[in-house]
Structure formats: structure tokens, C-alpha cells
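Please work through the following exercises with the sequence and the coordinates at hand. Each task is followed by a solution in steps.

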Amino acid sequence: MVDLRNGSTVTEFILVGFEQSSSSTRALLFALFLALYSLAMAMNGLIIFITWTDPRLNSPMYFFLGHLSFLDVCFITTTIPQMLIHLVVKNHTVSFASCLTQMYLVFGVGVAECILLAFMAYDRYVAICHPLSYAQIMSRHVCVRLVSTAWFFGLINGILLDYMTFRGPFCRDNHIENFFCEAPIVIALSCGDPQFSLKMIFADAIVVLLSPMVLIVISYARILASILGRTSSSGRGKTFSTCASHLTVVIFFYTSAMFSYMNPRSTHGPDKDKPFSLLYTIITPMCNPIIYSFRNKEMKGAMVRALGRTSLAQAESI
């Protein structure tokens, strides 16, 4: 019998991931996820570069977009490289400290992205509904403060959620049925009563997911009312096109995050958790730059100019 007062007897965890798959399946998954990870890093890196260097993209929308891509780079880097390593090696062990650190980064960056998406919706609302006051309301100073607020609450929230996850001792099974340390799964391995921690994480998810979503819904409700009040069909189409990219990203991110952290654990299982975990850890960060670049002429032009400058620089160096 383990005395819970002596603390955890578990000093490391085993990420099951895709361990039960055949070697050929793991090889295929490695090639697929490596390609997706490389593509996500390259596209988000390009967006970061052009939004921070191209003077033609000197507006709050692209300022936020650059930071969204930076968050996506941080987000996928905390989980996918480790998963790729575990697909080719037999040792899937991670230390207690590594699991805690990974979970903190996933929480911190994920919450920061939720808040940033809400601020991006507010930016669209001001641009469409109050165009004459847009430059004054969304000044550079305000944009920096909004991004800093997203990072601050994300990192502080990560501390709270890490504490709620690891507050109890661990002396049961140390196998995590996922490819990274996800809080609800880790809590289920605790020796103590997991219900309090699960309820706290559920309550936190309501705050950090639903509160920004309320701001997003209110912003787009007012945008819709403003669009419908216009007589020009071309103006409506342009406004819809501007907002469609952001709405698509919001739907992708929030759907997967809400399923992972706001559903009862009884409805979960490895076959259900992994697809949604993959959706918000790699698919969404990869789709974000595609969605924004394909639907935005200014982004397309900036990418062409950036790639053209790179090609010219390479030609001159030869």
C-alpha cells in the first residue's frame, strides 16, 4: 500500500501515442506528420517574416496575424517533434518535469491564442463598424497591449492548470494514452480524487474558451448587422471575404479545444482523443496560414514579393 503523504511514486510517464500501430503504419505516420510539421513551420515562418518586414502590411490586422503565426509555431513545436521521435524509437518515456513543462507550454500558448482570436474579431468589428475612428482606437500602442494581455493571461493560466493537474500524488499506471501530456488524461492517473481537478479545469475551460467566444460572437453579430445595412453588394462581398478567414480559423480551433477540455471524460477514449488532439496541435496551425493567405490578396502579394526577394538574393550570391 502506498502512503499518499509520501508523495508520488511515479517519476516518469510513458506516452503510448501510436505505439500499438504496426511498423509500416508508424513509418507512414512519421512521413505524413513530418511533412505537415515542415509545411506548418515554413508557412507560419513566412507569415511572421512578411508581416513584420513588409511596410505594406503595416496594419493591426497583420500585426495580430503575425503574432498568431508565432503562437502556432510555439504550439506545434511543444508537441510534434516529440511525437516524431517517438514514432521512430521504442523508448516513449518522458520525465515528470518534462511532462509538466510540456503541459504548461500547451496551456499557456493555447489560452493566449484563444484570447488573441477574440482580439482579432474585435479588430475586424472596429475596422468595419467604426472605420473613421479605426486608426485612433486600434493604435500601435493598443495592439501591443492587447497582444501582451493575451500572453500574460495565457502564461498565468498555464501555472494554474499545471498546479491543478499535478497537485495530487501519482502512484498508479504511468501510461498516457496520447502522444503528448494532456491534462485530463494525466489527472486520471492520479492516486487522489481526480474530480476536483477535472471540475476546476472544466470551469477554467468555460472561462478561457467561452469568454473570448462571447466577444467573437458579439463582434460578428454587429459586423453582420452593419453588412446587411449596406446597399452595395460589392461592399458586402468584400467585407464577408475579410471576415471569413478569421471565422474559419476560430471554428477549427475552438471546436477541437472544446471537445478536448469541455466534454465529460466518460465520453472520451484514445480513439476519440487522438484525432481531436491532432486537429488542434498540427492541423489548425498548418491551416491558419493557408486560410489567410489564400483568401487575402495583400497576403498573396506580400508572399510573392518576399519569395521574389529571396530568389534575387540567391541569384546575386551565385
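A residue is called buried under 20% relative accessible area, exposed over 50%, and partly exposed in between (1.4 Å probe, protein chains only). The model is predicted, so local features need pLDDT of at least 70 and side-chain atom pairs count only at pLDDT 80 or more, while totals for chains, interfaces and linings use all residues. Residues are numbered from 1 along each chain as its sequence is written, and side-chain values use heavy atoms, with hydrogens and water left out.

**Exercise 1.** Determine which cysteines the disulfide joins, and state its handedness.

*Solution.*
Step 1. A disulfide is a pair of cysteine sulfur atoms within 2.5 Å. The structure holds 1 disulfide, between cysteine 99 and cysteine 181, with an S to S distance of 2.1 Å.
Step 2. The two partners come from distant parts of the chain, 82 residues apart: cysteine 99 belongs to helix H4 (residues 96-129), and cysteine 181 to the loop between E3 and helix H7 (183-187). Helices (H or I, at least four residues) and strands (E, at least two) are DSSP runs, numbered from the N terminus.
Step 3. The torsion about the S-S bond of cysteine 99 and cysteine 181 is about -130°, so the disulfide is left-handed.

**Exercise 2.** Classify cysteine 181, cysteine 99, cysteine 74 and cysteine 129 as buried, partly exposed or exposed.

*Solution.*
Step 1. Cysteine 181 has a relative accessible area of 1% and is therefore buried. Cysteine 99, with a relative accessible area of 1%, is buried.
Step 2. Cysteine 74 has a value of 22%, so cysteine 74 is partly exposed. Cysteine 129, at 23%, is partly exposed.

**Exercise 3.** Derive the strand order of the sheet and the sense of each pairing.

*Solution.*
Step 1. Two strands pair if DSSP finds at least two bridges between them. Strand E1 (residues 12-15) and E3 are parallel, over 2 bridges, whereas E1 and E2 are antiparallel, over 3 bridges.
Step 2. Isoleucine 14 has threonine 93 as its bridge partner in E2 and stands opposite histidine 175 in E3. Leucine 15 has isoleucine 176 as its bridge partner in E3.
Step 3. The order is E2-E1-E3, giving an open sheet of 3 strands with mixed pairing. Strand E2 (93-95) and strand E3 (175-176) are the edge strands, each pairing on one side only.
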